Amino acid sequence: ALQEAGSSLEQIVRVHYIFPDRQDFAPCWPICKKYLGPARPAATMFIAGLFDEKMKLKIEVTARIHLTT
């Protein structure tokens, strides 16, 4: 989705992690850090119910795009 919008993982400036259970964050952190660490986005974690109880994580990002003029 980022590539289609003219962006990339390196251009992420904000990320929201939404977990139904706070305990699920720790096992996910190494993977999130691996892919989002180089961008160093501002981050917020929310604890909230998700649409389907099988869902364990929702990630929302905001990224810069490269405009061609």
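Which residues form one aromatic cluster with F19? Select Y17, F25 and W29 along with F19, and you have the whole cluster on screen. Keep in mind that you're looking at a predicted model.

Now zoom in on F19 and F25. Their rings make an edge-to-face pair, with 5.7 Å from centre to centre and 90 degrees between the planes. A search of the whole structure turns up 3 aromatic pairs.

Leaving aside residues up to four places away in sequence, F19 touches several others, including C28, M45, I47 and L57.

Next, select I12, V15, Y17, F19, C32 and L36. These 6 residues are the largest nonpolar core. Both β1 (12-19) and α1 (25-36) supply at least two of its residues, and β1 gives the most, with 4.

Switch to a cartoon view for the sheet. It's an open sheet of 3 strands in the order β2-β1-β3, with mixed pairing. At the edges sit β2 (42-47) and β3 (58-63), each pairing on one side only. From one strand to the next, the twist averages 15 degrees.

Follow β1 and β2: they run parallel, joined by 6 bridges. Pick V15 and you'll find A43 of β2 opposite. Last stop, α1: this helix packs on the sheet, where it touches β1 and β2, and its direction makes about 165 degrees with that of β1.

Notes: Residues numbered from 1 in each chain as written. Predicted model: local features only at pLDDT ≥ 70, side-chain atom pairs only at ≥ 80, totals over all residues. Heavy atoms only, no water. Phe/Tyr/Trp six-rings, centres within 6.5 Å; stacked < 30°, edge-to-face > 60°. Core = buried A, V, L, I, M, F, W, Y, C linked by side-chain atoms within 4.5 Å. Buried < 20%, exposed > 50% of the residue type's maximum accessible area, 1.4 Å probe, protein only. Contact = heavy atoms within 4.5 Å. Pairing = 2+ DSSP bridges. Axes fitted to C-alpha atoms, helices over the stretch in contact; angles between N-to-C directions.
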